[in-house]
Amino acid sequence: MRHFLSSAFVVLALTASLSATAQTKTTPKPAGAVTTGASDRFLMQNGSVVLVQNGRPTPLTQNVRLGNGTKVNYKSGIVELPGGKITTLQEGDYVTSKGEIVFATPASAAAARGQKAEPGAKFDPYVERGAAPSPADVDARLTTLSTRLDLMAQKIQLLNQKISLLSVNAQRPTDTAQLDQQIQQLEQQLQQLK
């Protein structure tokens, strides 16, 4: 009996220890603003984005948000400017510490503008400047997003009601026309907010 109690105590102590260890593990920090120097850049190199400081590339391990709000996905090279414009970096393209995109070739510059590169076209460096949105623009966007979230929550609630009605009355058809009409109205409101 004494051996059993001591074994049980050891198991309880190990369980408590493992539980405490699991609770103290830190979750990865979300990507925040990055502190960079004026000459630093985020370069698309060999299929991923690297941080180039003092001429030396350093691999990134998380997405980047620059001080002006420009976001850079380190794996895919997708760049979202503060105004909402999205482009994908090609090999040799880079983002400056100010959030400006500098394209390495006429083809990548043309692709960013939504155009086709002309063969033999003269290439002047093309820089996409990501101007920071005004506070009024940010407020308007947040209000729109909040409204969209509210409408989506209402739509989910109506869909759950419909599922509930249909599952309870599986033996006989249930009229869900009114719910369908409300869902359609919410969908139209969501489409208007795009």
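This short talk walks through one protein structure, from its overall build to its strands, its cores and its salt bridges.

Good morning, everyone; before anything else, please keep in mind that what you see above is a predicted model, so I will speak of what the model shows. The protein has 4 helices and 10 strands, and if you follow the chain from the N terminus on, the elements run α-β-β-β-β-β-β-β-β-β-α-β-α-α. Of the 194 residues in the protein, buried residues make up 22%. The protein exposes about 13,700 Å², and carbon and sulfur atoms supply 56% of that area. If we take the contacts with a separation of 6 or more, then residues 24 or more positions apart account for 46% of them.

Let me begin with the strands, and with β1, which covers residues 41-45, and β2, which covers residues 48-53; these two pair in the antiparallel sense over 5 bridges. Within this pairing, Leu-43 stands opposite Val-50 in β2. The hairpin of β1 and β2 has 2 residues between the strands, and Asn-46 is found in that loop.

The hairpin of β2 and β3 has 2 residues between the strands, and in it Asn-54 takes a positive phi near 55°. Asn-54 lies in the loop between β2 and β3, and is exposed, with a relative accessible area of 66%.

Next comes an open sheet of 4 strands, whose order is β4-β5-β6-β7, with antiparallel pairing. Which strands stand at the edges of this sheet? They are β4, residues 64-65, and β7, residues 86-88, and each has a single partner strand, so one side of each is left without a neighbour in the sheet. Strand β4 pairs with strand β5, residues 71-72, in the antiparallel sense over 2 bridges, and the bridge partner of Val-64 is Val-72 in β5.

After α2 the chain continues with Gly-114, whose phi is positive, near 80°.

Now to the inside of the protein. The largest nonpolar core has 17 residues, and those that touch the most other members are Phe-42, Val-49, Leu-60, Val-79, Leu-89, Val-95 and Ile-101. β1, β2 and α2 each supply at least two residues of this core. Apart from it lies another core, of 6 residues, among them Leu-158, Ile-183, Leu-186 and Leu-190.

On the surface, by contrast, Val-138, Leu-142 and Leu-145 form a nonpolar patch, with about 240 Å² of accessible area together. Leu-142 lies in helix α3, residues 135-168, and with a relative accessible area of 52%, Leu-142 is exposed.

Finally, how many salt bridges does the structure hold? The structure holds 3, and I will take them in turn. In one of them, the side chains of Lys-71 and Glu-80 meet at 4.0 Å, N to O; Lys-71 is partly exposed at 32% relative accessibility, and Glu-80 is partly exposed too, with 25%.

In another, the side chains of Lys-155 and Glu-187 meet at 2.3 Å, N to O. Lys-155 lies in helix α3 and Glu-187 in helix α4, residues 177-192, so this pair ties together parts that are 32 residues apart in sequence. Lys-155 counts as partly exposed at 21% relative accessibility, as does Glu-187 at 23%.

The remaining salt bridge joins the side chains of Lys-162 and Asp-180, at 2.6 Å, N to O. This pair links distant parts of the chain, with Lys-162 in helix α3 and Asp-180 in helix α4, 18 residues apart. Here too both partners are partly exposed, Lys-162 at 22% relative accessibility and Asp-180 at 31%.

Notes
Residues numbered from 1 in each chain as written. Predicted model: local features only at pLDDT ≥ 70, side-chain atom pairs only at ≥ 80, totals over all residues. Heavy atoms only, no water. Pairing = 2+ DSSP bridges. Patch = residues over 30% accessible without salt bridge, like charges linked within 9 Å, V, L, I, M, F, W, Y side chains within 5 Å. Areas by Shrake-Rupley, 256 points an atom, 1.4 Å probe, with all protein chains shown as cover. Buried < 20%, exposed > 50% of the residue type's maximum accessible area, 1.4 Å probe, protein only. Contact = heavy atoms within 4.5 Å. Core = buried A, V, L, I, M, F, W, Y, C linked by side-chain atoms within 4.5 Å.
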